[in-house]
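Let's take a friendly walk through this model, from rings and charges to the sheet and its helices. Please keep the viewer open as you read.

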Amino acid sequence: MHEDRRPILLARNRIEAAIRAYFAAHEFILVDPPGLQRSPGNETHLHAFATSAIGNDGLGETLYLHTSPEFSMKKLLAAGERRIASIGHVWRNRERGALHHPEFTMLEWYRANEPYDAVIADCIEMLRIAARETGAARLRYRDREADPFAEPERLSVVDAFSRHAGIDLFGTMNGEGETDAEALAAQMRARGLAVPAEFTWSYLFSRILVEKVEPNLGLGRITVLDRYPAAEAALARRAADDRRVSERFELYACGVELANGFGELTDANEQRRRFMLEMAEKERLYDERYPLDEDLLAALPLMPDTSGVALGFDRLVMLATGAARIDQVLWVPVAERLP
């Protein structure tokens, strides 16, 4: 099995080396955030691995493996760093499949005092670097292809829902971005889409995105899915021209989500409010919640205007090499549970 995968793994190393060179050439400092955190992240549907840290007094404290280095990196931005990047492992529980692995490699980087479009351009260049390092004219996932060198498609979430699902998202929000779940459910029923007995706007949004929108993105060329509804962008600042949407984008190729980026929110009070809402929903759905990172909230007001993005490195390698499963691009996949 290893011999079959070895050419892909060597390609992985070449891609990583080229990306490190890109960061160096663009004056990024590579940082190494710790995996152990008091808060692993505060998004409803992200699940962390918990562990116990035993102190010298023999007492235990619950810590978590981070789901992203974001909180640590924002503290560095508050401390004065301006262009920083991380290439390291992150952990997400309840995730395993062709595109998911419980431990994976994330590229995450931030540009302080630079526009949102700058990190979008970085992302597109990452895909082109991977293609050049593997000699791939097109990125591939199963029967889907995308030309990374073609001009990317840039599509708002609202336009994507209208085009691919026949849904008017703005018709389910007020001017401040507050959402109406029943209005969204009514549109779904009118289009013959199943609606469960109990639902939230966020749940229905995710269903439509996954089932109707995502499979149509990044086909033939890269898609930048931009301007997410404010309700679906807990870590992003709102767009200056429309409070219903935020500066959040996702990058797609071959129907696969590769990156998630933001114009970063620096209002600590607003961030605390959003985190509390996310954790209340997490407790309702999963009967668990994670603590807030008070150091992060204290640091946010010290951060400059910043744009940042996280990109799944293993998925990038998959698309550049044509691998069908994420396990094929990992040097040693985590053992699966025995039947």
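## Aromatic rings

Rings of Phe, Tyr and Trp (its six-membered ring) pair if their centres lie within 6.5 Å; planes under 30 degrees apart count as stacked, over 60 as edge-to-face and the rest as tilted. Tyr-22, Phe-23, Phe-28 and Trp-109 make up one aromatic cluster. Before going on, please note that this is a predicted model, in which local features need pLDDT of at least 70 and side-chain atom pairs count only at pLDDT 80 or more, while totals for chains, interfaces and linings use all residues. Residues are numbered from 1 along each chain as its sequence is written, and side-chain values use heavy atoms, with hydrogens and water left out.

The count of aromatic pairs comes to 9. Tyr-116 and Phe-249 form an edge-to-face pair, 5.6 Å centre to centre with 70° between the planes. Tyr-116 lies in helix H3 and Phe-249 in strand E14, so this pair ties together parts that are 133 residues apart in sequence. Helices (H or I, at least four residues) and strands (E, at least two) are DSSP runs, numbered from the N terminus. Tyr-116 counts as buried at 9% relative accessibility, and Phe-249 is buried at 0%; buried means under 20% relative accessible area, exposed over 50%, and partly exposed in between (1.4 Å probe, protein chains only).

Since Phe-161 lies in helix H4 and Phe-205 in helix H6, the pair ties together parts that are 44 residues apart in sequence. Both Phe-161 and Phe-205 are buried.

## Charges over rings

Two arginines are worth a look here. The charged end of Arg-83 sits over the ring of Phe-28, 5.8 Å from its centre. For Arg-248, the charged end sits over the ring of Tyr-228, at 4.1 Å from the ring centre. The rule asks for NZ of Lys or CZ of Arg within 6 Å of the ring centre and within 35 degrees of the ring normal.

## Salt bridges

How many salt bridges does the structure hold? There are 27, each being a side-chain nitrogen of Lys or Arg within 4 Å of a carboxyl oxygen of Asp or Glu. Arg-83, Arg-111, Glu-114 and Asp-122 are linked in a network of such bridges. Glu-125 forms a salt bridge with Arg-132, with the closest N and O atoms 2.4 Å apart. Glu-125 is partly exposed at 21% relative accessibility, as is Arg-132 at 46%.

Arg-207 and Glu-211 meet in a salt bridge of 2.7 Å, N to O. Both lie in helix H6 (residues 201-213), 4 residues apart, about one turn of the helix. In another salt bridge, the closest N and O atoms of Arg-272 and Glu-294 are 2.8 Å apart. Arg-272 lies in helix H7 (residues 268-286) and Glu-294 in helix H8 (residues 294-299), so the pair ties together parts that are 22 residues apart in sequence.

## The open sheet

An open sheet of 8 strands has the order E1-E5-E6-E16-E15-E14-E11-E9, with mixed pairing. Strand E1 (29-30) and strand E9 (153-156) stand at the edges, each with a single partner strand, so one side of each is left without a neighbour in the sheet. Two strands pair if DSSP finds at least two bridges between them.

Strand E15 (residues 256-263) is mostly covered, as 7 of its 8 residues are buried. E14 (residues 248-253) and E15 pair in the antiparallel sense over 6 bridges. Arg-248 has Phe-262 as its bridge partner in E15, while the partner of Phe-262 in E16 is Gly-308. E15 and E16 (residues 306-312) run antiparallel and are joined by 5 bridges. The hairpin of E14 and E15 has 2 residues between the strands, and Cys-254 takes a positive phi near 60° there.

## Helices across the sheet

Helix H2 (residues 70-78) lies across E5, E6 and E16, running at about 25° to E6. Helix H3 (residues 116-134) lies across E6, E9, E11, E14, E15 and E16, at about 15° to E14. Contact means heavy atoms within 4.5 Å; axes are lines fitted to C-alpha atoms, for helices over the stretch in contact, and angles run from 0 to 180 degrees between N-to-C directions.
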